[in-house]
Amino acid sequence: MPLDFTKHFVTVPTEFNLRNNTGCSWKVTVKLMNGRVTLDQGWATYAAVHQIKIGYMVMFKLLTPDTLKVIIFHDDGIEVVNKCGKHDEAFAAKE
């Protein structure tokens, strides 16, 4: 995530809930690596389940201090609509 992203926080959270365009939530951990905020545990599974491929654009919008809206676009610029499928219980956010 861009370094400017951290200016929105007094302290960067250790976890984020990722919410997609249908309202499903997914929990990922956050870590600081080389001075940058990165999504860690849960992100690879999220990307696989939501079939994010090279060339896709992923946009994050801060909704609350611990929730990011995730909008995924195909390489042709069309928004991907993700239905809630089978999520790994370890990472599915509890509503």
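Predicted model: local features only at pLDDT ≥ 70, side-chain atom pairs only at ≥ 80, totals over all residues.

Student: What holds strands of a sheet together?

Tutor: Backbone hydrogen bonds pair the strands of a sheet, in a parallel or antiparallel way.

Student: How many residues does the hairpin use to join β4 to β5?

Tutor: Two residues make that link.

Student: Which residues in β5 stand opposite Val-58 and Met-59?

Tutor: Val-58 stands opposite Ile-72. Met-59 stands opposite Ile-71.

Student: How do side chains sit along a strand?

Tutor: In a regular strand, side chains alternate between the two faces of the sheet.

Student: What is the strand order in the open sheet?

Tutor: The five strands run β3-β2-β1-β5-β4, and the pairing is mixed. At the edges are β3 (36-39) and β4 (57-64), each of which pairs on one side only. On average, neighbouring strands of this sheet are turned by 35° against each other, direction ignored.

Student: Now a loop. Where does Gln-51 lie?

Tutor: Gln-51 is in the loop between α1 (43-49) and β4. Check its backbone too. Gln-51 has a positive phi of about 50°, although it is not a glycine.

Student: Why does Gln-51 count as exposed?

Tutor: Look at relative accessibility. Gln-51 has 52%, and exposed means over 50%. Therefore Gln-51 counts as exposed.

Technical notes
Residues numbered from 1 in each chain as written. Heavy atoms only, no water. Pairing = 2+ DSSP bridges. Helix = DSSP H or I, 4+ residues; strand = E, 2+ residues; numbered from the N terminus. Axes fitted to C-alpha atoms, helices over the stretch in contact; angles between N-to-C directions. Buried < 20%, exposed > 50% of the residue type's maximum accessible area, 1.4 Å probe, protein only.
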